[in-house]
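Take a look at the structure below. The paragraphs that follow walk through its pockets.

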Amino acid sequence: MIQVAVLGYGTVGSGVVEVIERNKTEINKKSGEELNVKYILDLRDFPGDPYEDKVVHDVDVILNDSEVKIICETMGGLKPAYDFTKRALLAGKSVCTSNKELVAAHGPELIRIAHENQCNYLFEASVGGGIPIIRPLNYSLTAEKIDAITGILNGTTNYILSKMEREGADFDSVLKEAQEKGYAERNPEADVEGYDACRKIAILSSLMTGKNVNYEDIYTEGITKITATDFLYAKAMNKTVKLLAQSKEVDGKYYAMVSPFLIGKDHPLAMVNDVFNAVFVHGNMLGDSMYYGKGAGKLPTASAVVSDVVDCARHIGKTIMCFWDDERVTLTGIEEASRKFFVRVAADKEKEAIAAFESMAVVEADVPSEFAFITDVMTEKEFNEKAEKVGIISRIRVEA
Ligand code: HSE
């Protein structure tokens, strides 16, 4: 029997216990041995909960128990998760986590400590919730040189944008409704400002390069400035607006960013709606492949954590390879990246806009007192210079 402990009995932690219990026949068979949740660490007590007798408040009970071989860290945040994870790995206990903040901030160090102590640090649930994406990058696409990853990696913002598109509603009212229904956090900043997607693309970019892409180096823009009017224009162009997290290698230079983009309705990511996530991966032999599913939620995320538990159970005392070195990747500044931009200006700025941007595709939509267009391909730097000269209402990047 393999003893397991769960750190944090919140949404994902309780999901982990539920998945291990409900699917025990399948999971034990696939693990090759029976798994048993011996401890649940939480500050709170859970009177009446079927697992209340497993709840402990002192992490040392778990770390000092040599029977515990696998730990699920579902606490989130850096403190005290970083300290608990490090101590668990140093004690030779594998850790499986959904904690993207911790993986993005300390991934290479924790993987190295795990391998030095003949155990593993696995993080399938940290990106894309229940969607298998870490394992495909580590195991399945090993014959590929991956040169681009583009994802819809945040369910909250995708839900908001999908609803804005469908109902013609404004950002604020959709966010408020999403919060009331429990789809968005009371403090939605990490989601709507793109920080959550930023950490996730930092993890995927690191696995793509095998080196460390620091999330703080990634240009990140959220969806708070996207309006119902933007969707009117998008509809007129047969496009939609999605928050994309991107990572690309072009001629040996690495680019990564999180930003709202206009994408064609025929783009595979345009069909990813509501809380669903998807990751679009380009490999030099395979071409495009896409991974789609529930990017958040108790059981989908817990399922990904438990898939890592099964992997650890199959590899007790052995290293599961993961190429993510400490060496920091230098990202090329966003101002050098080239693309088209969708631009809105006041109607009386039409002449200035034409003079500044010269060649453009005018966008006709039923919006009074405005002139809107898509620019030619230009660098962000060139665009910013021209936009500043004209004085624009807004711009959205256009995905090719
Ligand atoms: N807040 C995240 C989202 C949860 O909305 O996608 C999953 O990481």
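**Pockets between domains**

The second largest pocket lies between domain 2 (135-294) and domain 3 (336-398), because both give residues to its lining. Domain bounds come from an automatic or database domain assignment. This is a predicted model: local features need pLDDT of at least 70, side-chain atom pairs count only at pLDDT 80 or more, and totals for chains, interfaces and linings use all residues. Residues are numbered from 1 along each chain as its sequence is written, and side-chain values use heavy atoms, leaving out hydrogens and water.

A pocket here is an open set of points on a 1 Å grid over the protein atoms alone, where a 1.4 Å probe fits, with protein on both sides within 12 Å along at least five of seven lines; lining residues have an atom within 4 Å of a point.

The second largest pocket is lined by 28 residues. Gln 246, Lys 248, Ala 337, Ser 338 and Arg 339 lie nearest its centre.

The largest pocket has a volume of about 1100 Å³, the space filled by probe spheres set on the points, with grid points joined across faces, edges and corners. Its lining has 39 residues, and Val 12, Lys 100, Glu 185, Asp 196 and Ala 296 are the closest to its centre. Domain 1 (2-129 + 298-314) and domain 2 (135-294) both contribute to this lining, so the largest pocket lies between them. The second largest pocket has a volume of about 530 Å³.
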